[in-house]
Amino acid sequence: MNLNLILPFLSTAVMLVFTIMVLQRYAVRRTPAFLFWGIGLAMFGTGSFAEAYLAVAWNKWVFFGWYLFGAALNAAWIGHGTTYLMIRKRWVHGLTVILVLGSLFASYLMLQAVQNLNTGVFTVEKPISEQYGTKVLEEGETAPAGALVETVVRDGQEVQVVQGLLPLGTPVRLTTPFFNIYGLISLVGGAIWSAYLFWRKQVLPNRVVANVLIAAGALLIGTASTLTRLGYGQYLYIGELISAIMMFAGFRLAARPQPREEAARAVPVTAGD
Amino acid sequence: MAYRRKASPAIEPEESSRIPEKSVFYQRVVPALLIAMTVLTVVLILFAAAVLLGIVRF
């Protein structure tokens, strides 16, 4: 049983159902938030599918999709859906322009990056999250067994690196923190804030739990991604699956009908609306 | 994921609308989770900022 194949495949299945449900809501209600959530979730699913594919075979365009949609863009697009509900339309339209232009720029950088991949290091034996980046070896640090180690010049100094698919200093990698910071603030921050407001008013317990699940799920994948960047990519796939399940459960819980009395006082704006 | 006021939707009540007053889960666990998640969010944002500033090498 190959967990590198099964876990991403399960995540893809969950995200596919999740994405379809959110986009169905967009088709009915025409709320831009659902459109951005749907696009972001589709990106998440694309990243998961790419992981499953790359556990079997190599394809540079699948890797393109994995990095661009799975690692760089999805959190920001999902979070932008929440932003649509939180701030004035005038501001959110400006942010939409920045997000779209930023995504196009990241796509351009990724198109350049796929032309210079170190495909020689690729193996289906390891998850793609453990072999995509080139890592500088710090003093006293040893390379993993079987890793391709080279000496390169960085900032005028010779350093030893463990070669990954993306060469050292690939510009597209600098874009991911921007998208992920925005995604964290909008998606996780929005869910925590919403849960807090319901909790403070002591109303709608299902919405409190729903937002806690959404925030926790997003934080889980954020933490797993951070660990991956630090060189501990083995937690990414299980983190993705649990994250997908938690966010989906939160969405379903938030979508449940609300009691009329409290809904009249304050209606939360969550994925379920 | 956010909060705003609007008219009541025409949905019949299906469950309790109030958080139980003596619930340990809602009165203790939920606030602790919210605080912990806020702290973790800030840590992750600081990490991402450290990558951008070159403090964390990649």
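The model is predicted: local features need pLDDT of at least 70, side-chain atom pairs count only at pLDDT 80 or more, and totals for chains, interfaces and linings use all residues. Residues are numbered from 1 along each chain as its sequence is written, chains are lettered from A and ligands numbered from 1 in the order in which they are written, and side-chain values use heavy atoms, with hydrogens and water left out.

**Sheet of chain A**

- β2(A) and β3 (residues 157–162) of chain A run antiparallel and are joined by six bridges; two strands pair if DSSP finds at least two bridges between them.
- A:E150 stands opposite A:V161 in β3(A), and A:V153 has A:E158 of β3(A) as its bridge partner.
- The hairpin of β2(A) and β3(A) has two residues between the strands, and A:D155 there takes a positive phi near 55°.

**Helix α6 of chain A**

- Helices are DSSP runs of H or I, at least four residues.
- The end C-alpha atoms of α6(A) are 36 Å apart, in agreement with the 36 Å that its 25 residues should span at 1.5 Å a residue; the expected span is 1.5 Å times one less than the number of residues.
- A:G231 follows α6(A) and has a positive phi near 105°.

**The loop residue A:Y235**

- A:Y235 lies in the loop between α6 (205–229) and α7 (236–254) of chain A.
- With a relative accessible area of 44%, A:Y235 is partly exposed, a class that lies between buried and exposed (over 50%).

**Chain B**

- Chain B has one helix and one strand.
- Among the 58 residues of chain B, 29% count as buried.
- Chain B exposes about 3,800 Å² (Shrake-Rupley method, 1.4 Å probe), and carbon and sulfur atoms supply 67% of that area.

Notes. Buried < 20%, exposed > 50% of the residue type's maximum accessible area, 1.4 Å probe, protein only.
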